[in-house]
Amino acid sequence: LPPKGNIDPLIQIFQSNAFGTHTQQYRYLWSEIMSADAFGAFLDEKGHLLDGDKLKMTGRKFRNAFLDVGSLKSTSDAFEMFRGRSADMKALLSQYDFETS
């Protein structure tokens, strides 16, 4: 499998499906994983929303990584710039109360 976030090699495999449904589902799943993990940056250790300067700083970091660069960077590169690592599916699993240990 290709590295997380890079689905270009898989697109050709799934294009045999006339509607590209498999590719859409894969992309949707990764967007959910990235979304849940990115939201985790705005939470403290107890799962509460950050406040004050920490919230503003995290918001600025998000803006710099995603919004300011637009489409100049891939989504996975922008995510790594924001979080300092690749997306982790544990964030999505924990949202649905699945054990992540």
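Okay, hi everyone. One thing before we start: what you see here is a predicted model.

Let's begin with the charged side chains. As a reminder, side chains of opposite charge can pair when their charged atoms come close. How many salt bridges does the count come to here? It comes to two.

Find D37 first. D37 forms a salt bridge with R83, and the closest N and O atoms there are 3.2 Å apart. Now look at where those two sit: D37 is in helix α2, residues 21-40, while R83 is in helix α4, residues 75-83. So that pair links distant parts of the chain, 46 residues apart.

D37 also forms a salt bridge with R85, with the closest N and O atoms 2.6 Å apart. R85 lies in the loop between α4 and α5, so this pair ties together parts that are 48 residues apart in sequence. Put together, D37, R83 and R85 are linked in a network of salt bridges.

Is D37 buried or exposed? D37 counts as buried, because its relative accessibility is 2%. As for the arginines, R83 counts as partly exposed at 25%, and R85 counts as partly exposed too, at 32%.

Okay, over to the surface. M89, L93, Y96 and F98 form a nonpolar patch there, and together they have about 420 Å² of accessible area. Let me pick out L93, which is found in helix α5, residues 90-95. L93 has 31% relative accessibility, so it counts as partly exposed.

Key:
Residues are numbered from 1 along each chain as its sequence is written. This is a predicted model: local features need pLDDT of at least 70, side-chain atom pairs count only at pLDDT 80 or more; totals for chains, interfaces and linings use all residues. Side-chain values use heavy atoms; hydrogens and water are left out. Patches are made of residues with over 30% relative accessible area and no salt bridge: like charges are joined within 9 Å, nonpolar side chains (Val, Leu, Ile, Met, Phe, Trp, Tyr) within 5 Å. Accessible areas come from the Shrake-Rupley method with a 1.4 Å probe; for residues, only the protein chains shown count as cover. A salt bridge is a side-chain nitrogen of Lys or Arg within 4 Å of a carboxyl oxygen of Asp or Glu. Helices (H or I, at least four residues) and strands (E, at least two) are DSSP runs, numbered from the N terminus. Buried means under 20% relative accessible area, exposed over 50%, partly exposed in between (1.4 Å probe, protein chains only).
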